[in-house]
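Subject: Structure for you to look at

Hello,

Here is the structure I said I would pass on. My notes follow below it.

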Amino acid sequence: MDVEKYDDDLYNMQFVLDRSLKLDPARLIVVRPYDAATMKAVGIAARNGIVHPFLVGDRKRLKEETARFNIDPELFTIVDAGDDDLLERAASLYRDGEAEFIMKGMVGTALFMHVLLDPRWKIRTENLWCHVGMLEIPETKRVFLMSDGAINILPNFSRKMLIIKNTVEVARKIGMRKIRIAMLAAVEKVKLPAMPATLDAFLMKKFSKTGFFGDCEIAGPFALDNAIDTGKAVAKGIVGTVAGMANVLIVPNVETGNVIWKTITCLQNRSAAGVVVGGNCPIVVPSRSDDYSTKLLSIQFARLLL
Amino acid sequence: MKYTMSCLVFNRPGVLVKIAQSFAKENINIYSLAAGETEEEDKSRMTIVVDADQDLMDKAEARLKEIEEVIQVHDFQGSELISRELLLIRIRIKAEYIPQILQIAELFNAQVIAVSEMSMVLSLSAEEQRVNGMVRMLMPMGIQEMSRSGKLAVGSPEQE
């Protein structure tokens, strides 16, 4: 793989996320952390002073789980709640200012998000919510942000604008100085009507000249290889500062984002971090099948966004 | 008042002129006229929209029926009809208007069918009022070129 590294690129995901170790512990609500991966991730985050967790669930069970993972009782708070009012209890902790952000444990994502979207919890804003993933592909010597592989199924142009706006904000918060955004599609030219993603990508590049997204570069459409590999981009005669050098990937639909995410985490067995942004606080919504490492990195990622 | 009528005619040279003359003789302006082959190759159906009084329309209709090539004249007045118009419209691409143009297209269920660095072409097939609505909304964005098919109509199946 041909890569060219800009000096100011973020090139190591762990290095980026370990900045969270230098921050004060943030109060994290963890809903139903009954699985080993969540408990282990939260335990490590608590021990390292990244968070002070509020574990919401059945007190007896949580006491057993924390003991099993040797988590010092001083490091967490248990909020006793039965399954009937568990999510409401958790969300009210945020509303009442008891905690700063929230994480999903063994709860269905749809139900979890549905409850959090209720305006009375003051998590929802007028902004669009989207999932931003942080991925590391060592061969590219770059850390990537990718959106949206989880929330917005088939975003239209307007929604893509908001997804990009959210992702640019995340990029700035994690310290990306040169934000180079690739609008992903399957080909580099506009193909109508067969490939509407190519049209959105082409028009988004033009729209970015208005300055709506601030200091960043947007280009597209790109096939994935031409977005991240300069050699491939050059071979196809694709030029520009984003070609082969992208550090933010905007996917056309949730399937594409999900496949990229799972390719990295399942096929390449690498860790990734993901967080839902757009609300008043970051929300950690890992898949129940994610390993502890992905969950821990996601907590760290969310902590950087506070 | 606007009238929509459908003429089934034999597809022969000069028919269009004769039909146009029937309206011209009554001093009726043709608002739109769309013609095309039917399921039978030698026959065409014309959907004509005119703006006229009832008296003048009756006279024009009588004239139409006298034309040798005219097989059937159907006035849709007072009856249910299914109508559509095709719009092709080329809009200048000005970066700040892109989201609005796409939102309008989505609102009206129009498709972007071609794009270049400078402009894009939208296509919409809809009822006349919806076509008018989209044109009005796109007007401030910079319409470079526009072409409308005129109304196409058939009777509603519920009337059979």
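A contact here means heavy atoms within 4.5 Å. Among contacts in chain B between residues at least 6 apart in sequence, 75% join residues at least 24 apart.

Please note that this is a predicted model, in which local features need pLDDT of at least 70 and side-chain atom pairs count only at pLDDT 80 or more, while totals for chains, interfaces and linings use all residues. Residues are numbered from 1 along each chain as its sequence is written, chains are lettered from A and ligands numbered from 1 in the order in which they are written, and side-chain values use heavy atoms, with hydrogens and water left out.

Chain B overall

Chain B has 4 helices and 9 strands, taken as DSSP runs numbered from the N terminus (helices: H or I, at least four residues; strands: E, at least two). Along the sequence they follow the pattern β-α-β-β-α-β-β-α-β-β-α-β-β. The C-alpha trace of chain B spans about 55 × 35 × 35 Å along its principal axes.

Of the 160 residues in chain B, 43% are buried; buried means under 20% relative accessible area, exposed over 50%, and partly exposed in between (1.4 Å probe, protein chains only). The accessible surface of chain B comes to about 9,000 Å², and 48% of this belongs to carbon and sulfur atoms. These areas come from the Shrake-Rupley method with a 1.4 Å probe; for residues, only the protein chains shown count as cover.

Surface patches on chain B

Like charges are joined within 9 Å, and nonpolar side chains (Val, Leu, Ile, Met, Phe, Trp, Tyr) within 5 Å.

Asp51(B), Asp53(B), Asp55(B) and Asp58(B) gather in a patch of negative charge on the surface. Lys and Arg count as positive and Asp and Glu as negative, without His and the chain ends; the place of a charge is NZ of Lys, CZ of Arg, CG of Asp or CD of Glu. Asp55(B) lies in helix α2 (residues 54-66) and counts as exposed because its relative accessibility is 58%.

A nonpolar surface patch is formed by Leu86(B), Leu88(B) and Ile113(B), with about 230 Å² of accessible area together. Leu88(B) belongs to strand β5 (residues 81-92) and is partly exposed, at 36%.

Regards

Technical notes:
Patch = residues over 30% accessible without salt bridge, like charges linked within 9 Å, V, L, I, M, F, W, Y side chains within 5 Å. Salt bridge = Lys/Arg side-chain N within 4 Å of Asp/Glu carboxyl O.
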